Amino acid sequence: MLLDPLLDIRPAAREISGSGSVTGSEASLPAILTTPARLTHLQRLEAESIHIMREVAAQFHKPVMLYSVGKDSSVLLHLAMKAFYPSKPPFPLLHVDTTWKFREMIEFRDRMARDLGLDLMVHINRDGVRQGIGPVSHGSAVHTDVMKTQALKQALDAHGFDAAFGGARRDEEKSRAKERIFSFRTSSHRWEPKNQRPELWSLYQGRIHKGESIRVFPLSNWTELDIWQYIHQEAIPVVPLYFAKPRPVVERDGTLIMVDDDRLPLRPGEVPEMAWVRFRTLGCYPLTGAVRSTAATLPEIIREMLLSTGSERQGRVIDQDAAASMEAKKQEGYF
Amino acid sequence: MLTDLDPATAPADAATEVQAYLARQNGKDLLRFITCGSVDDGKSTLIGRLLYDCKCLFEDQLASLEADSGRFGTTGAGRLDLALLVDGLAAEREQGITIDVAYRFFTTDRRKFIVADTPGHEQYTRNMVTGASTADAAVLLVDARKGVLTQTRRHSTIVSLLGVRHVVLAVNKMDAVGWSRETFERIAADYRVFAQRIGIDEVTCIPVSALTGDNVTRPSEHMVWYGGPTLLGHLESVDAAAEEKLGSFRMAVQWVNRPNQDFRGFCGTVAGGALCTGDEVAILPGGRTSRVARIVTMDGDLETALPGQAVTLVLADEVDASRGDMIVAAAGRPEVADQFAAHVVWMDEQPLLPGRSYLLRAGTATVGAQVTELKHAINVNTQEHAAAKHLDLNDVGFCNLALDRPIPFDAYADSRETGSFILIDRLTNATAGCGMIRFPLRRASNIHRHASKLDKAARAGSLQKPCVLWFTGLSGSGKSSVADRLEQELHRLGRRTMILDGDNVRHGLNRDLGFTDEDRVENIRRVAEVSKLMVDAGLIVLVSFISPFREERRMARSLVQDGEFLEIFMDTPLEVCEARDPKGLYKKARAGQLPHFTGIDSAYEPPDAPEITLKGAEQGTDAMVAQVIGELRRREVI
Ligand SMILES: Nc1nc2c(ncn2[C@@H]2O[C@H](COP(=O)(O)OP(=O)(O)OP(=O)(O)O)[C@@H](O)[C@H]2O)c(=O)[nH]1
Ligand SMILES: [Mg+2]
């Protein structure tokens, strides 16, 4: 993917260096300041996220980055590479694997960790596996709780992580819109939405007692459009499932479910059809709805998103369980 | 649909069309604003209205809004309750109020917006402060039926103190007052008078109805008498870019990047001024200077870094800098001091007590700090300055602070980033308060420069090592008599001494203090500071105060150097003290006339490891004095 010249990542710097010799002597300073140089929207967002990541690296003993393999995680990871360059990010990646992710997600995950030379930890709730918990047999609520929320808590406790990055954005959902960037969790991982720490200016306050932790959301102020635009601008790799191509799907309760392996029991009369589809958001495959689409390039995806009349969460079976369910899940420790 | 893109565009042109659209988006500037004002004035409804009218909502979001309006709505059957778009917490929806800030994003043809919807309830003022700290503009709502209320004034005061540059007064619910011009003009005039008093010079007043949308994004047909802009029109036109008042480079060091022996980079975000390679910089508070060799990013080295950019600096010399230091333009430096005056907004249930030790975070520096003087509290209603002994939750005050060590800073009026701080409770880790620095109280650099040639050893001469003899014990335990006799003995031996006790301190230096908790803390703090000065003067200082709390004695000990503080515990049992009762105080306390009397209804915490313990009930005064003298000789104090 080529960078669009219109979206140069350092237009301001280019403007200035092109405006003559810059020596840094006092005499040349006013000339620079009068240059109406301004950061672009994406540069502002990028800088804010990097600032947040560095605060975490400096304030905590044992941070970890939750890597969920989706587009937001891809951006998060890219920003982490930038924040600590030329060093590697000073924390490992953690993927909580529910064992029901799309196969392409797992391949992509392992390839990214290998290519970037990062430490990737994968945690699976073995108790849940032993009990045979799954989205099809137990429904999305039980599956998500056992294989995601409880699994995440197990992993955080086992390693004693005191800060965990997540890729959640405030524009995703109305209880997310309420959450701080440094979001305090009690020693039992609870979020107390009615008693959040004041968060002023860019002074992120991470002091905690032993056992408590902070969830950190560097992408809080990004929108879905910003994410795609940034992926486009920076040529960030994302899971191919975001791009349309013919895939085997069944239509179930108005949702297109991809038959990713033979664990999805077909209902009477259901025959997988090959259809041009793609995904706007990724999760466990039986819980993630596909959209019919022929958008196979980033500009096409962005265009489709701009013309869409539904939000990205529409495709998530999990969010339609109950009103205010996201807040309740977050209180229990869900990301 | 979020855009004006044409769904019918031919695929070949679609890519170009998207590219052009994205370039436009990326070039847009950003305005951060808040809605604030009193309870139920319609803040959340207004934001909901803006999102709704700007077509920023998806079909599924509208569907759940309809369902929610049926369940929790406050606007009556069949009507959307737009506040439910922003009141996202279960408790908020059930109670129909806002508890914490919601951040929402929307874009118009002109610019991008981040809006923070803040709660009106006084109880949640700290959440409003959170939203205001990063806002360029504030939309202050007033209910046209109620006019300007206390909470309107409180929020205005905070908006002014936090340096929010643009203030809009939105007189809301105009539908409920028959779109009355008189009502609008009366409230606008009222508010303007108040705004002037708190230093808000420019206010734009707009009559609106969040419920119907009049003058929110479209001009009102009901209020043709109003000739000004709509709320959105106004927000699109105010200038968003914060003027760079500072002009000089500032960057707090967040993290030191050391991938290997050959690379040492200082990571941080440019807080002010631009920086070019080759520029001369100073590292504060230390003061070493160097030049910028490289400005490193993963995309390649930059020649110039701009305010707001996150960068990694490599300096030309092997200078040491770490988190908490600030790299600044050598030619335009900030203040460096360990004392300053600041406005403080208190955000904790535990009151702010002068003299109590907090952690202060400014930039990336964390230091111990205390309020040394609470000059006044601000009455948010009248703006009067009132004397105050402490600040309660949501109080605003002006005070002097003293830090453990000097830090670099600017005045808040010049820079939000380098002029702001938060105070953290050491025990609970709560963010307890926030502050805006006005001016330094003394320049630490000057103090070093003027450091006296004579030190305490010189002043003390060869006869004694200056120190504090801190007598602690119950009332009537014999502290004063022993201290008195000991001083006479030291004097006889030719030593230079001074006695501090309740009598000579309470009547003079501490005449303004009573016996409340904050006054007790302050009393001991002043005594400890005075004894420290007297140690500097070369004296042996005998302090006799009940000083019942370990924490206070620890604080006093921490002011002087190791070995200069001898804690002398008058270990006389309560029964003995009470039987002696030289001033009749125990009798009064037992009769309930002296509340909080140590030993009766207020605790005495005995020292864990006093240097000297005197058994007041068993030994005579002379024997105790001899014991102390012996100990002073052993420790080579005399
Ligand atoms: N008549 C009329 N009612 C309004 C208008 N705007 C808001 N309301 C109603 O006023 C009530 C309070 O509105 P909210 O938007 O929740 O008020 P708020 O200022 O956000 O309240 P807090 O955040 O709890 O301080 C609701 O019942 C709204 O429907 C208006 O323009 N006209
Ligand atoms: Mg509200």
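Q383(B) is buried, with a relative accessible area of 17%, where buried denotes under 20% relative accessible area, exposed over 50% and partly exposed in between, with a 1.4 Å probe and protein chains only. Although Q383(B) is not a glycine, its phi is positive, about 65°, and the residue is placed in the loop between β18 (365–378) and β19 (385–386) of chain B; helices (H or I, at least four residues) and strands (E, at least two) are DSSP runs numbered from the N terminus. The model is predicted, local features needing pLDDT of at least 70 and side-chain atom pairs counting only at pLDDT 80 or more, whereas totals for chains, interfaces and linings use all residues. Residues are numbered from 1 along each chain as its sequence is written, chains are lettered from A and ligands numbered from 1 in the order in which they are written, and side-chain values use heavy atoms, with hydrogens and water left out.

Chain B comprises 17 helices and 27 strands, and buried residues account for 56% of its 638 residues. Its C-alpha atoms occupy a box of roughly 105 × 70 × 40 Å along the principal axes. Of the contacts in chain B between residues at least 6 apart in sequence, 71% join residues at least 24 apart, contact being defined as heavy atoms within 4.5 Å.

Helix α7 (residues 181–197) of chain B, with 17 residues, reaches 25 Å from its first C-alpha to its last, close to the 24 Å expected at 1.5 Å a residue, the expected span being 1.5 Å times one less than the number of residues. Its buried residues include T183(B), F184(B), I187(B) and Y191(B).

In helix α11 (residues 479–492) of chain B, the buried residues are K479(B), V482(B), A483(B), L486(B), E487(B) and L490(B). Viewed down the axis of α11(B), these fall within an arc of 135°, so they line one face of the helix, whereas Q488(B), H491(B) and R492(B) are exposed on the other side.

Between the chains, 86 residues of chain A are in contact with 109 residues of chain B. The two chains bury about 7900 Å² between them, 58% of it on carbon and sulfur atoms; buried area is the accessible area (1.4 Å probe) that two parts lose on being put together, summed over both. K178(A), W201(A) and R303(A) supply 12% of the area that chain A buries against chain B, more than any other three residues.

Definitions and conventions. The arc is that of the directions from the helix axis to the C-beta atoms.
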